[in-house]
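Morning, everyone. I have one structure to go through, so please look at the sequence and the model on the screen.

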Amino acid sequence: MAGLMAGFGHYTHAVVRGIPASLAKEALRSSQAEVNLAKARGEHEAYVEVLRTRLGLEVVELPADESLPDCVFVEDAAVVCGDTALITRPGAESRRREKEAMEAALKDLNLNLVEMTDETATLDGGDVLFTGREFFVGLSKRTNQRGAEILADAFKDYAVSTVPVLEGLHLKSFCSMGGPGLIVIGSSEPAQKTLKVFEKLKDHMLIPVSNLEKVKLDGALTCCSVLINKKANI
């Protein structure tokens, strides 16, 4: 199992995508909060800059597509682990063309692509939590059991467990990895609770990044990038 954990939490590349003007009015959302497009773009630019300059990742930036208002949330289009990338079938039909640009980008990075072609399956990357040892897949409005089964088949080296998502959009709407072996779970005051957890990790660097606009669209920070640990010989 130690071999499976090797390199967990270390990344070399990130795939991100620009914000289309259509995001403000047409992106899917559970609330009616107004989105300030200029602020959303500014926050996203700062986020991408952190990935590039503070974390030292090679950032692949895909262009925004006005016909795909949710396209900035690239995490839902693919699940990458090691040198394998599962191209998902998002639960919202309006988002299924987002995978085309993602698939091309991951192919250019020479990853082994597995495409989810079963039309009964749905899977959003936001419902997939990888701990370094296993996958947890949220069964939500966007992800079903068949999607979880296909993910398990794509990543046979890891155990896959399903978790019911009774509230919120995705599994990672309320939990995420805080480090190897540490799952951070939100509560009624998620920001404060998460901060208290991270403050205990003295060896970790904390970088504040604003996400006030995209959260109005149920978007978290992890939604906006696909992180990859690309081996030199891939």
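Where is the place of E75? E75 sits in the loop between β2 (58–62) and β3 (78–81); strands here are DSSP runs of E, at least two residues, and helices are runs of H or I, at least four, numbered from the N terminus. This is a predicted model, where local features need pLDDT of at least 70, side-chain atom pairs count only at pLDDT 80 or more, and totals for chains, interfaces and linings use all residues. Residues are numbered from 1 along each chain as its sequence is written, and side-chain values use heavy atoms, with hydrogens and water left out.

E75 has a relative accessible area of 8% and is therefore buried (under 20%; exposed is over 50%, partly exposed in between; 1.4 Å probe, protein chains only). Leaving aside residues up to four places away in sequence, E75 touches G125, G126, K172, T222, C223, S225 and V226, contact meaning heavy atoms within 4.5 Å.

Next, L111. This residue lies in the loop between α4 (98–108) and β5 (112–115). L111 counts as buried because its relative accessibility is 7%.

Last, the lining of the largest cavity. A cavity is a set of points on a 1 Å grid over the protein atoms alone where a 1.4 Å probe fits but cannot get out, and lining residues have an atom within 4 Å of a point. The lining consists of R17, L62, C71, V74, A77, E98 and M102.

Methods:
1 Å grid on protein atoms, 1.4 Å probe; cavity = no way out; pocket = protein on both sides within 12 Å on 5 of 7 lines; lining within 4 Å.
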